[in-house]
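Here is a friendly walk through one structure, written for someone who likes to know the cut-offs behind each term. Have a look at the sequence and the model first.

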Amino acid sequence: MEGQCMLPYYTAESSPAMGMFNTTMGKLQQQLYKGEYTIFRYAPMFESDFIQISKTGEVIDVHNRARMVTLAIVRSSPCLTLPDVMLLARPAVVCDNARCGPGTQERGSLPAQLLELTRLLPLMFVKISIHNSIKKQLHLKLATGRSFYLQLCPPSDASEDLFVHWENLVYILRPSWLGTLQTHLCLRK
C-alpha cells in the first residue's frame, strides 16, 4: 500500500456498518482532502468510477468518447450512522498555464487530471437501485424524476468485486419502511 493514503482511523472506522468505507482514498477523496470542501476533508467516503449508459445499457457517446463519472457516497458527519450525501464528479483537464487550452498545449506535456465536482445531493433526494447486477449497473433516480444509469468501471488492479460493495450499499440505504412493506407483502402471500 505504498503511496496510498488512508483516512485517520477514528473517522474511517467510526461506524461498524461502514466497513466498506475503510478503503484507500480514491481520486475524488484525495482531491477533497486538499481542502476545497472542508466538510468532506475527513469524511468517510466510498467511491468508484462509472460510465454513463442508457436505460438499455448502451454507452452514451459524447464527442466520440464515453462519459466517465465518479460516484461517491459520503457520511458528512461522524455522528451519523449512515451516509447522507452523494457526490458526482467528472474528469476536468487543467494545466498550469492560464492560457493553456487544447490548441495551445505543448507537445509531450500532459495536463494534470483532476475531477470537477458537478453534483452534491442529499441522499434523501436520490433513490439508488441495482439496474443490472450482471453488467454491474446502477440506476439513480432524483427527486425531480430525472434518472441516470451508470456502469461500474473497476480499476484494472482491483483485487475484489467492487460491485458487491455497491449492492450492499444500496441495501443499507434502502428506506426502512420499504423493507417492512416488502416483508409484510411476502407474509400476506
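## Salt bridges

At 42% relative accessibility, R90 counts as partly exposed; buried means under 20% relative accessible area, exposed over 50%, and partly exposed in between (1.4 Å probe, protein chains only). This is a predicted model, in which local features need pLDDT of at least 70 and side-chain atom pairs count only at pLDDT 80 or more, while totals for chains, interfaces and linings use all residues. Residues are numbered from 1 along each chain as its sequence is written, and side-chain values use heavy atoms, with hydrogens and water left out.

R90 forms a salt bridge with E116, the closest N and O atoms being 2.9 Å apart; the term stands for a side-chain nitrogen of Lys or Arg within 4 Å of a carboxyl oxygen of Asp or Glu. R90 lies in strand 5 and E116 in strand 6 (residues 112-122), so the two tie together parts that are 26 residues apart in sequence. E116 is partly exposed, at 34% relative accessibility.

The structure holds 3 salt bridges. Another one joins K27 and D49, with 3.2 Å between the closest N and O atoms. This pair links distant parts of the chain, with K27 in helix 2 (residues 27-33) and D49 in strand 1, 22 residues apart. In K136 and D161 the closest N and O atoms are 3.0 Å apart.

## Overall layout

The protein chain has 4 helices and 9 strands; these are DSSP runs numbered from the N terminus (helices H or I, at least four residues; strands E, at least two). From the N terminus on, the order is α-α-β-β-β-β-β-β-β-β-β-α-α. Of the 189 residues, 33% are buried. Contact here means heavy atoms within 4.5 Å, and residues 24 or more positions apart account for 53% of the contacts with a separation of 6 or more.

## Nonpolar cores

A nonpolar core is a set of buried Ala, Val, Leu, Ile, Met, Phe, Trp, Tyr and Cys residues joined through side-chain atoms within 4.5 Å. In the largest one, of 22 residues, L71, M86, I128 and W166 touch the most other members. Elements supplying at least two residues each include strand 1 (45-53), strand 4 (68-74) and helix 3 (162-173). Helix 3 gives the largest share, 5 residues.

Leaving aside neighbours within four places in sequence, L71 is in contact with several residues, among them F46, F50, M86, L140 and W166. Apart from this core lies another, of 12 residues, including L28, F40, V74 and V85.

## Aromatic rings

The structure holds 3 aromatic pairs. Rings of Phe, Tyr and Trp (its six-membered ring) pair if their centres lie within 6.5 Å; planes under 30 degrees apart count as stacked, over 60 as edge-to-face and the rest as tilted. The rings of Y33 and Y42 have centres 5.8 Å apart and planes at 80°, so they are edge-to-face. F46 and W166 form a tilted pair, 4.9 Å centre to centre with 50° between the planes. F46 lies in strand 1 and W166 in helix 3, 120 residues apart, and both are buried. Ring pairs link F46, F50 and W166 into a cluster.
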